[in-house]
Amino acid sequence: MLVEFSVANFKSIREQQTLKLTSVKAYKEHSDNVFSTGRTAENLLHTLAIYGANAGGKSSLLEALNFMESFILRNSKMNEGETIEVNPFKLDNHSYTEPSSFEIIFIDEGIRYQYGFSLTQDIIVSEWLYASPSKSVQTWFERDGNDKNEWYLNRNLASKSDRDTWKRMTRSNALLLSVAVQLNAEKLKPIFNWFRKKLVLLENGSIGFTAEHVKKSNLKSKIIQYLNAADLSIIDLDVDEKKLNVEDLQELEKQFGGTAPSEFKDAVEKGDISKFKVDVIHIENQRVPLNIDEESEGTQKLFALAMPLIDILEKGKVIYIDELNNSLHPFIVRMIIELFNNPETNPNHAQLIFTTHAASILDNNVFRRDQIWFVEKDNELATQLYPLSDFCPRINEALAKGYLEGKYGAVPFIGEFNWR
């Protein structure tokens, strides 16, 4: 369960911006759109939409979350002195040399965690982890600079010798969390695994992933049901599997103009990589089924999203998507949102965070007033993030109309273009 995410000095974001998934207690509409964490009085939102003009910073916010996730999962393998690929704010004369910071608060297995770090392209400047197994907050570790003698590691995390090993093995450009988990730190594994298993960036989905589950699992009927909820009139799916061989690999390398990674080559040689052919059947006794490649871009995207969405809903994951509305009709976007807001299709409280331009779904029949956020650039071209609730909207306020009229900001100001 994601509670909030904060970032500072990353891409178009300069000052710290915080996205909160906590509900506003005064708002009583759409009770299914919120859920209890089971451990505090606060409720969390199932879905959250972020609106803003092009280049306002919507993507920067989600890219910051993706950077945090990716860096945690991969930085332990970095070499000493290797550059950290962080991208700070560049539109003033000082931010580029200042640290970027990232912090996340989430709840997993009844424990509330607050974890974050700040870094430059050269070093980890600071890192911290606080946990609340009960009402009280415990400091699990704090790292300030590279003086390892000043680091604090809670004695309950591990033995003194193990904690000393973690400090000794943590390079200046690596996270203590990631290194300690690589060294089998049992109490820190849930934090690392939450990023690895529960936080998901969903881009265009995967036709292969969905096809594999049509072929190998008992979810075919559920996938067809999902596709037909989007009015695609599909009665069956036929999937053939073919194991990739060396000739296929060579053709792929030729097609994309590169050399496949050694791990991929090894998997092909072992017969572990499959290619799936998907045929779509729309009518009974259809003589020639349509290949998925012949379907519209929207149908292909819906098919590619099918299994990832089912997996996310069944396992209660947190998903974030940039421009959910791309290639999808607003009614389909609304259907996907309602899958998360509906307790019958989302019994494990998966959460959906997405950016969009689709004003047609900015509707009181879909969202609570605390589920809408905006981004816009200030006079110094830095992204500002703020919620609709700042404007104290009425419960029946025409949100789309107000947004398009500029009442909440976060819309482009269109100037004249003189052809002569």
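Which elements do the buried residues of helix H5 pack against? Let's work towards that through the model, which is a predicted one.

Start with H5 itself, which spans residues 207-216. Thr-210, Ala-211 and Val-214 are buried in this helix. If you look down the axis of H5, its buried residues fall within an arc of 100°, so they line one face of the helix. Those buried residues pack against helices H6 and H9, and also against strand S12 (236-243) and strand S13 (274-281).

Two of these partners, H6 and H9, also meet each other, so to speak, and their pairing is worth a visit. Two packed helices are described by the angle between their axes and the distance between the axes. For H6 (residues 220-229) and H9 (residues 297-315), the angle is about 115° and the axes are 10 Å apart. The crossing of H6 past H9 is right-handed. On the H6 side, Lys-222, Ile-223, Tyr-226 and Leu-227 make the contact. H9 contributes Leu-302, Phe-303, Leu-305, Ala-306, Met-307, Leu-309, Ile-310 and Glu-314. Sorted by class, this contact has 10 nonpolar residues, two charged ones and no polar ones.

Is Ser-76 buried or exposed? Its relative accessible area is 15%, and because buried means under 20%, Ser-76 counts as buried. Setting aside neighbours within four places in sequence, Ser-76 is in contact with Arg-171, Ser-178, Val-179 and Gln-182.

Notes
Residues are numbered from 1 along each chain as its sequence is written. This is a predicted model: local features need pLDDT of at least 70, side-chain atom pairs count only at pLDDT 80 or more; totals for chains, interfaces and linings use all residues. Side-chain values use heavy atoms; hydrogens and water are left out. Axes are lines fitted to C-alpha atoms, for helices over the stretch in contact, and angles run from 0 to 180 degrees between N-to-C directions. Helices (H or I, at least four residues) and strands (E, at least two) are DSSP runs, numbered from the N terminus. A crossing is left-handed if the near helix is turned anticlockwise from the far one by less than a right angle, and right-handed if clockwise. Contact means heavy atoms within 4.5 Å. Ala, Val, Leu, Ile, Met, Phe, Trp, Tyr, Cys and Pro count as nonpolar, Asp, Glu, Lys and Arg as charged, and the others, Gly among them, as polar. Buried means under 20% relative accessible area, exposed over 50%, partly exposed in between (1.4 Å probe, protein chains only). The arc is that of the directions from the helix axis to the C-beta atoms.
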